[in-house]
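I opened my notebook today to look up a few things in one structure. Here is what I wrote down as I went along.

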Amino acid sequence: MRATAVTHALRQGLARRDERAQLRLGGAESAFAAFGEAVLLVTPAGTVLRASAGAQEFFGTSRSPRLRGQRLWHPDAQTQQALAAGLRLAAQSHQRVCLPIPGGSASHEHLELARAAPQLSLGDEVLVLARIRLGRSQALPSIDSLCSAFGITPAEARVLAALIAGQSPKQHAGAQGVSVHTVRSQVGSLMAKMGCTRQVDLVRKALLAP
């Protein structure tokens, strides 16, 4: 009886963990969809465990890469090899991998791969969060325009531009040769000045600025 109770408790615990993961992934899908991006949760082998509505619509256009069964697939062998290597690299490290999407309708369409947060995992396997970043028809806002629109400093505008480009505070800090603490402080200042509570809201507000 004790073994049965333990097994039942473990199953309940796993079910609750998976439910929390689904909720977190749903939140990520909504956040990325707010500024024209789609997301996939993928195994290192390329099996798609979940695709946002935007991702399903993207694959429904018969563009590349495609879904073949439940796996990401590209008809060009060399591109398929690059995709497979990118998935492995993203899963094995904390390095972000960007792959261009050949034949996309916009020149800036690409697939961005990064190791998924443990909270998004539905089991013990390391997963990859793939973002389909679609090219935008308008130019991204300049540093000067961001300063004028929101009353922020040039340094804060550069942080905001980095967030718009998909960089994390840590990546921007490394590129600028400053501490992560400094960049996070600037993000906090941006939130206060722009009336936002999340980084995704900063990006959305900046992209919608006139």
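**Entry 1: a cut-off to begin with.** I am working with a predicted model. Before anything else I noted that a residue counts as buried under 20% relative accessible area, as exposed over 50%, and as partly exposed in between. I looked up aspartate 201 and found a relative accessible area of 16%, so this residue is buried. Its side chain meets that of arginine 198 in a salt bridge, with 3.1 Å from N to O. Arginine 198 has 43% relative accessibility and therefore counts as partly exposed.

**Entry 2: the other salt bridges.** How many salt bridges does the structure hold? I found three.

Another one joins glutamate 112 and arginine 131, whose closest N and O atoms are 3.1 Å apart. This pair links distant parts of the chain, since glutamate 112 sits in strand β6 (residues 110–115) and arginine 131 in strand β7 (residues 128–133), 19 residues apart. Are these two residues buried or exposed? Both glutamate 112 and arginine 131 are buried.

I also noted the salt bridge between the side chains of glutamate 156 and lysine 193, at 2.9 Å from N to O. Here, too, distant parts of the chain are linked: glutamate 156 belongs to helix α5 and lysine 193 to helix α7 (residues 180–194), 37 residues apart. Glutamate 156 is buried because its relative accessible area is 7%. Lysine 193, at 40% relative accessibility, counts as partly exposed.

**Entry 3: two helices that pack.** I reminded myself that two packed helices are described by the angle between their axes and the distance between the axes. For helix α5 (residues 154–164) and helix α8 (residues 199–208) I wrote down an angle of about 95° and axes 9 Å apart. Angles of 65 to 115 degrees count as roughly perpendicular, so that is the word for α5 and α8.

Which residues meet there? From α5 I listed Leu160, Leu163 and Ile164, and from α8 Gln199, Leu202, Val203, Ala206 and Leu207. By class, this contact has seven nonpolar residues, one polar residue and no charged ones.

Entry 4: Leaving aside residues up to four places away in sequence, glutamine 95 touches Leu89, Ala90 and Leu113. I also checked arginine 115: glutamine 95 is 20 residues from it in sequence and 7.7 Å from it in space, C-alpha to C-alpha.

Conventions:
Residues numbered from 1 in each chain as written. Predicted model: local features only at pLDDT ≥ 70, side-chain atom pairs only at ≥ 80, totals over all residues. Heavy atoms only, no water. Contact = heavy atoms within 4.5 Å. Axes fitted to C-alpha atoms, helices over the stretch in contact; angles between N-to-C directions. Helix = DSSP H or I, 4+ residues; strand = E, 2+ residues; numbered from the N terminus. Parallel < 35°, antiparallel > 145°, perpendicular 65-115°, else oblique. Nonpolar A, V, L, I, M, F, W, Y, C, P; charged D, E, K, R; others polar. Salt bridge = Lys/Arg side-chain N within 4 Å of Asp/Glu carboxyl O. Buried < 20%, exposed > 50% of the residue type's maximum accessible area, 1.4 Å probe, protein only.
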